[in-house]
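Please keep the sequence and the structure in view while reading.

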Amino acid sequence: MSFVGKRILGVLLILIFGSTTAFCQEKTYFSDSTSFFEFLSNQEQVPGLKFRFTLPANFQLPAKDTAIWNRADLGMWYSNSIDSISQLKKFRSGLDSILASSANFQYLIYDEPSTEAAASEFVSALLRNNDIFPAEKKNINSQDLVLLAQDSPFQPGFNVGFGYFSDFKIFMIALIITVFFLIAGGMIFFMILFKSRRNRREQLRSDFEKEISSPLSQILFNLSLEEIKNLPNEEIEIYFPAHRLSNKLFKEVLIENIISLNKKMKGDFKDKLKALFKRLGLYKISESKVNSKKWDAIVSGLIQINEMDLEEFLPLVKKHLNSPNFHIRTNAAATLLNLSREVDLSFLKNQKYPLSNWQQMNYLRIIKYLYPTRKLLMVSLFDSENITVRLFGYKLVRMVGRVDLVEKIGGIATKASDEEKIEILKTIQVLGVPSYTTLINSSMQSTNDKLSRQAIKAAGSLGDKSSEKMILELLAQNRRFEIKMLLMESLKKLNYESFKTYVLNEEDQDTQAIYHHLEDPLLSYV
Amino acid sequence: MKKILLIEDDLLISSLVEFRLNKDGYITLTVKDGNEGIHAINTENPDLIITDVMMPFKNGIEIIHHARKEKPNTPIIVLSSLGEEESIVLEAFNLGVSDFISKPFNPNELAMRVKRILR
């Protein structure tokens, strides 16, 4: 146990055991009425405590005694209140035998009649609170010491040490309060510790950034790319001292700064930064990060490999392509696409996890940037068992204009799900490939609203006579305004004469409204 | 020697640009936020101002407004990120900035433009 821990435990033990003394003092002072009366006799007077005698209401009080006895509301007789025990004794001795035998003794606490038990407790409380102190015994000599000792009530020893433990509730409350303060104290201590460590780290980072900016500028402006690649160790030490390059935080800040500059710079500066990254051996940190078990470290390593074009680490990157962690597999795929000599998407074929729209957009951005200069291998996407990968494939055909793959996806369409058919129809429509009227016509009849809408749109661009006939059949069946508008728009594109004839024959309000909308040059594209 | 005020909160970029401009023989004064930039415009009387757009306290547009009011003849080059809103760029041009360079940029290209403006 640490020094602090021992101290805390010590305080805890003092709290538990030390307080038991107080518990022992809370014992009743008077074991019986005799000891109580003896105490009162010795004390003579107790503040707030008085005495009196009472007589029954039917008692025939002699006329001579009416001066010292009063009659109460209920008819009972009572004496004047007596302040001290000596007065009490004197009063009692003054009573004749008849009166003495009939009179009852009564305690008064602040002039209120009380029982002996209440009076005893009242006096005990005064003693406990140190409001009164026991008077010294009168007429005590050495021979009475044994008798005097008997007056002190016996306190059993086992109560002294384990008072709190024997009282379970008090012990639990003390324990909970102690644990609460220990936890709160511990939390505050660790918060202060972490905060100070973080502040120190931030300060160091800021200092390192200032230290790095000047040598980086000198290297980038004073040295050529070849000079940076062949920079001797002695010269590196001039820019970055060896003790700094052995500091992990310094290297992290250096990496961050090089990558940040790489993003903000254009031209040969990018190549110089990449050359410097390699020359300083910072790629070792990227390699160790990619092999780390922490997901954030892996992502950071992947970004470094991607930004610094560390092609030699592609085998390491490939290990993370099917990672269960979204960020890892997204960054691994982006890195692989960026650094490979050809854009081979076969790695997506066996992707177990669904491709989110964000991932698809991200990959598409990279592919669109690379496609003009690199070979794009994407046929394997359509063989994937993962529907999101196949959907991405259909979108990709459309985005990069791969007309040569339309036949392939058109063949898939017959067995495809409605969701896939929608994307295939969109692709066929955008690329303007005819001869898919069978697919279009069958999809127009689909009960899936999204699919039929997409098919109707495609029919307008790619349909034939059979499509026209189907549109007219659907118009005859369909009463929904939105679908009717789509059908009429497609019919207008397919055969304007047929469209006009339909409008002339249909006099309902919706048809006429749609007709005027479509014929209005300002509204027709709305 | 011509004095150039560089208002840029990115320490690395400012260090690099400063180094390049010093190499060309200019005196550069670098500040890292809008408030310091406005103070420097008032007190330093620069021959050219290069300013970033997104900065703490006061952005580049506010700085251009101030510079146009206080030093209407001082040329200004705006150094900004590509992703920044078109409206900001248009506003900067409407306020009469001399040139606009978007990040990522080549410091050598910036130095050439500075030389052309201060010729």
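Which side chains meet in a salt bridge? In this predicted model, the side chains are those of Lys264(A) and Asp10(B), with a distance of 2.2 Å from N to O.

## The interface of chain A and chain B

On the side of chain A, 19 residues are in contact with 15 residues of chain B. The two chains bury about 1600 Å² between them, and 69% of that area lies on carbon and sulfur atoms. Within chain A, the residues that lose the most area to chain B are Phe221(A), Lys264(A) and Lys266(A), which together account for 41% of what that side buries.

Across this interface one salt bridge is found, the pair Lys264(A) and Asp10(B) described above, and seven residue pairs are in polar contact, with both residues of each pair at pLDDT 80 or more. The elements of chain A that give two or more residues to the side touching chain B are H10, helix H14 (248-264) and helix H15 (268-279). Of the side of chain A that touches chain B, H10(A) gives the most, with 10 residues.

## Phe221(A)

Phe221(A) has its place in helix H10 of chain A, which covers residues 168-222. Because its relative accessibility is 12%, and the cut-off for a buried residue is under 20%, Phe221(A) counts as buried. When neighbours within four places in sequence are left aside, Phe221(A) is in contact with Phe269(A) in its own chain and, in chain B, with Leu16(B), Phe19(B), Arg20(B), Lys23(B), Pro107(B) and Asn108(B).

## The sheet of chain B

Chain B holds an open sheet of five strands in the order S2-S1-S3-S4-S5, and the pairing is parallel. Strand S2 (27-31) and strand S5 (99-103) of chain B stand at the edges with a single partner strand each, so one side of each has no neighbour in the sheet. From one strand to the next, the twist averages 20°.

Strand S1 (residues 3-7) and strand S3 (residues 48-52) of chain B run parallel and are joined by four bridges; in this pairing, Leu5(B) stands opposite Ile49(B) in S3(B). Helix H1 (residues 11-23) of chain B packs on the sheet, where it touches S1, S2, S3 and strand S4 (76-81), and the direction of this helix makes about 170° with that of S2(B).

Definitions and conventions:
Residues numbered from 1 in each chain as written. Chains lettered and ligands numbered in written order. Predicted model: local features only at pLDDT ≥ 70, side-chain atom pairs only at ≥ 80, totals over all residues. Heavy atoms only, no water. Pairing = 2+ DSSP bridges. Axes fitted to C-alpha atoms, helices over the stretch in contact; angles between N-to-C directions. Contact = heavy atoms within 4.5 Å. Buried < 20%, exposed > 50% of the residue type's maximum accessible area, 1.4 Å probe, protein only. Buried area = accessible area lost by both parts, 1.4 Å probe. Salt bridge = Lys/Arg side-chain N within 4 Å of Asp/Glu carboxyl O. Polar contact = N/O pair within 3.5 Å; in protein donor to acceptor, adjacent residues only side chain to side chain.
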